[in-house]
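Trainee: I'm new to this one. Can you walk me through it, and let me ask how you know each thing?

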Amino acid sequence: MSPTVSSAARIEAFLEMMAAERGASDNTLSSYRRDLEDAAAHIGAAGGRLSEAAPDDLRAFLASLSAQGFAATTQTRKLSALRQFFHFLYTEGLRANDPTGVLDSPKKGRPLPKTLSEEETEKLLERTAAEAHEAPPGTPAHLAALRLHALLEVLYASGLRVSELVGLPVTVALRDERFFAVRGKGGKERIVPLSAKARTAMQAWLKERATRKALADSPWLFPSGSHSGHLPRQVFARDLKAVAARAGIATAKISPHVLRHAFASHLLQNGADLRAVQELLGHSDISTTQIYTHVLEKRLTELVQKHHPLAD
């Protein structure tokens with residue numbers, strides 16, 4: 001339904017003011033017009049007029065935007081147009097009050113973390129393992145492939161932050177145990193696991209590392225000639241994107257942090273407790289880990305659908 005004459009006249013007066021007094025551009029004026037006419041059409045469909053709308057009318061309009069799937073940023077932009085429109089009506093004496101004064105801004109949802117599926121992760125690890133196996137022994141390519149394979153297996157097995165991963169001491173590999181302690185943010189220590197595959201990849205890297213005098217005496221598991229003495233995280237990120245491309249995975253969706261997210265998401269998909277994942281990730285607050293609750297919600301829905309006697 002098109003806006004009523006009264007609302008249309010008020011919108012035109014507002015736009016004229018924005019052009020004359022605020023110097024609003026044509027694009028800005030078009031955006032205001034579109035947003036206000038959308039609101040006028042919605043309120044008009046309910047039998048009201050935009051210029052006379054009450055707070056509940058405007059809440060209903062915003063709720064309809066949310067129900068249609070509009071992003072919080074779009075809802076916020078439309079509410080901003082309404083705020084300016086009703087402020088204009090109030091200051092011009094065309095309304096006795098401003099109904100937008102009691103409206104809350106739409107809350108922006110926290111974006112879901114990028115992650116990889118279990119199939120994509122397996123594909124990535126298999127490609128890295130194949131390159132480590134196929135590179136000619138004793139060559140720089142073999143050394144680099146073994147290092148990358150160890151890095152990826154350890155990262156996916158433990159969920160370490162990339163800074164924690166590249167800064168691991170060599171003693172972690174020398175002990176060759178199923179768990180090891182890592183010191184994370186704020187100096188907080190936690191225990192993280194190592195899978196059998198991660199331990200095997202780490203031992204293969206350790207063996208090759210020992211044949212290089214420049215590397216053998218380093219206190220770091222992944223030594224480098226960098227200022228820190230260990231592999232820079234930027235180098236690892238670059239190598240990770242390169243092997244992802246060779247595995248047929250879009251490089252835009254891969255990073256060390258994405259593998260950390262995959263570690264957490266796959267644990268939850270397979271029945272892990274959110275608190276346990278919090279401990280493994282080293283999050284001091286459970287709210288940080290709750291970005292993964294969408295995984296839990298999906299798993300619980302599937303569980304109910306599969307096992308509840310009244311499920312369809």
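Predicted model: local features only at pLDDT ≥ 70, side-chain atom pairs only at ≥ 80, totals over all residues.

Trainee: What is the chain made of, and how many residues are buried?

Mentor: The chain has 15 helices and two strands. Of its 312 residues, 41% are buried. The accessible surface comes to about 17,000 Å², with 53% of that belonging to carbon and sulfur atoms.

Trainee: Why is H2 called roughly perpendicular to H3?

Mentor: Look at the crossing angle. The axes of H2 (residues 26-45) and H3 (residues 55-67) cross at roughly 110 degrees and come within 10 Å. Angles of 65 to 115 degrees count as roughly perpendicular, so H2 is roughly perpendicular to H3.

Trainee: Which residues make that contact?

Mentor: H2 brings Asp35, Asp38, Ala39, His42 and Ile43, while H3 brings Asp57, Leu58, Ala60, Phe61 and Ser64. They divide into five nonpolar, two polar and three charged residues.

Trainee: What about the largest nonpolar core: which residues touch the most other members?

Mentor: Those are Leu124, Leu152, Leu221 and Phe236, in a core of 43 residues. Several elements each supply at least two residues, including H5 (118-134), H9 (196-209), H11 (233-246) and strand E1 (179-183). The largest share, 10 residues, comes from H6. Apart from this core lies another, of 26 residues, among them Phe14, Ile43, Phe61 and Phe85.

Trainee: And what does leucine 152 touch?

Mentor: Leaving out residues up to four places away in sequence, leucine 152 touches Leu124, Leu125, Thr128, Phe236, Leu240, Val243 and Leu259.

Trainee: Why is glutamine 75 called buried?

Mentor: Its relative accessible area is 9%. Buried means under 20%, so glutamine 75 is buried. Glutamine 75 is found in helix H4 (residues 72-91). Not counting residues up to four places away in sequence, glutamine 75 touches Leu62, Leu65, Ser66, Phe70 and Pro106.

Trainee: How do you know whether threonine 100 is buried or exposed?

Mentor: Threonine 100 has 1% relative accessibility, and the cut-off for buried is under 20%, so threonine 100 counts as buried. Threonine 100 lies in the loop between H4 and H5. Leaving aside neighbours within four places in sequence, threonine 100 is in contact with Leu58, Leu82, Arg83 and Phe86. The C-alpha atoms of threonine 100 and proline 55 are separated by 6.4 Å, though these residues are 45 residues apart along the chain.

Trainee: Leucine 94 is found in the loop between H4 and H5 too. What makes leucine 94 partly exposed?

Mentor: Its relative accessibility is 38%. Buried is under 20% and exposed is over 50%, so at 38% leucine 94 counts as partly exposed. Leaving aside neighbours within four places in sequence, leucine 94 is in contact with Arg10, Phe88 and Leu89. The C-alpha atoms of leucine 94 and arginine 10 are separated by 9.0 Å, with the two residues 84 residues apart along the chain.

Conventions. Residues numbered from 1 in each chain as written. Heavy atoms only, no water. Axes fitted to C-alpha atoms, helices over the stretch in contact; angles between N-to-C directions. Helix = DSSP H or I, 4+ residues; strand = E, 2+ residues; numbered from the N terminus. Parallel < 35°, antiparallel > 145°, perpendicular 65-115°, else oblique. Contact = heavy atoms within 4.5 Å. Nonpolar A, V, L, I, M, F, W, Y, C, P; charged D, E, K, R; others polar. Buried < 20%, exposed > 50% of the residue type's maximum accessible area, 1.4 Å probe, protein only. Areas by Shrake-Rupley, 256 points an atom, 1.4 Å probe, with all protein chains shown as cover. Core = buried A, V, L, I, M, F, W, Y, C linked by side-chain atoms within 4.5 Å.
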